[in-house]
Amino acid sequence: MSDTFDPEYSWLTTWKENPHPPILFYGTSSNLVHKIEEHGLTPGMEEEDNLMAIARHVLSSAKKLGDKRTAEQAEIILLEHGEKPGPLKLTFNYYHALYLARKKTRRLEALQWLCETFGERAGQCEDANLAELAIDRVRYSCQGMCDLHLSPPGIVVYVRTDLSKFQNLSPLLKDKKELKRALKGKSRLCKNHWPKASWWKKLTRSAVERYLEESIRGDQDRPGLGEEVVTLSPIPITDILRIELPPGGE
């Protein structure tokens, strides 16, 4: 990847002074591609995809069948992968988006494994009618999940949208005075994120811009000041630049 995701964006000015905002990223699993392409990104979208409802169906059914092992497995999946409704969480850090995409993909894999093992164990239940009813309930709850398959790839969504929608933005993006202080090496952020003050005046304009971007975006090893920003506003389809499979996700 190049030093910047958007060569036309100047990190030496605030986002309001640029002709367009910088790019953000959203990492998720591929089962949401059609929903994103149809409706954009919406708060609560992850919780509405029915995944944890299926895990709860398996948990309830396993308890009725006396299948303690499957019930325990379902409880672990709900504990590890269940998400509470909340705002959209986007990031300036591409690598953080990759991490989130892989994490949410693992949720799909865990759920598929749970459904497969539940089907096998339910078939061993002494009450065949009860077992069949339990399996039918899970199949019914799985309707609309035709994209669920073994090892589904994660996806990263590229977004360019109005940054005034977001909370906890880095002041370097929106505060002109804070940015000017930082460019003079006087910002409190310089000590932790940028080269020593003695180096600062010797840097070229492109190097200064690169350090500004790195301090906000972060990289593979550092989180950056904008690793996670949140919004309660939907991101319309018009603000989505592209959806990509991460490297190795094909």
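I take helix axes as lines fitted to C-alpha atoms over the stretch in contact, and angles run from 0 to 180 degrees between N-to-C directions. Helices (H or I, at least four residues) and strands (E, at least two) are DSSP runs, numbered from the N terminus.

I note that this is a predicted model, where local features need pLDDT of at least 70, side-chain atom pairs count only at pLDDT 80 or more, and totals for chains, interfaces and linings use all residues. Residues are numbered from 1 along each chain as its sequence is written, and side-chain values use heavy atoms, with hydrogens and water left out.

**Entry: α2 and α3**

I looked up helix α2 (residues 51-65) and helix α3 (residues 68-81) first. Their axes lie 8 Å apart, and the packing angle is about 155°. α2 and α3 are therefore roughly antiparallel (the word applies over 145 degrees; under 35 is roughly parallel, 65 to 115 roughly perpendicular, the rest oblique). The crossing of α2 and α3 is left-handed, meaning that the near helix is turned anticlockwise from the far one by less than a right angle.

Which residues of α2 and α3 make the contact? From α2 I list M52, A55, R56, V58, L59, A62 and K63. From α3 I list T70, A71, A74, E75, I77, L78 and H81. Contact here means heavy atoms within 4.5 Å. By class, I find nine nonpolar, two polar and three charged residues in the contact of α2 with α3. Ala, Val, Leu, Ile, Met, Phe, Trp, Tyr, Cys and Pro count as nonpolar, Asp, Glu, Lys and Arg as charged, and the others, Gly among them, as polar.

**Entry: α2 and α4**

Next I checked α2 against helix α4 (residues 94-122). The axes come within 10 Å and cross at roughly 25°. That makes α2 roughly parallel to α4. The crossing of α2 and α4 is left-handed. On the α2 side I note L51, M52, I54, A55, V58, S61, A62 and L65. They meet R107, L108, L111, L114, C115, F118 and A122 of α4. The contact of α2 with α4 has 13 nonpolar residues, one polar and one charged.

**Entry: α10**

I then turned to helix α10 (residues 205-217), which has 13 residues. From first C-alpha to last it reaches 18 Å, close to the 18 Å expected at 1.5 Å a residue. The expected span is 1.5 Å times one less than the number of residues. G218 follows α10, with a positive phi near 75°.

**Entry: P7**

P7 lies in the segment before β1 (24-29). Is P7 buried or exposed? I count P7 as exposed because its relative accessibility is 69%, and exposed means over 50%, with partly exposed between that and buried. P7 and P22 are 15 residues apart in sequence and 10.0 Å apart in space, C-alpha to C-alpha.

Key
Buried means under 20% relative accessible area, exposed over 50%, partly exposed in between (1.4 Å probe, protein chains only).
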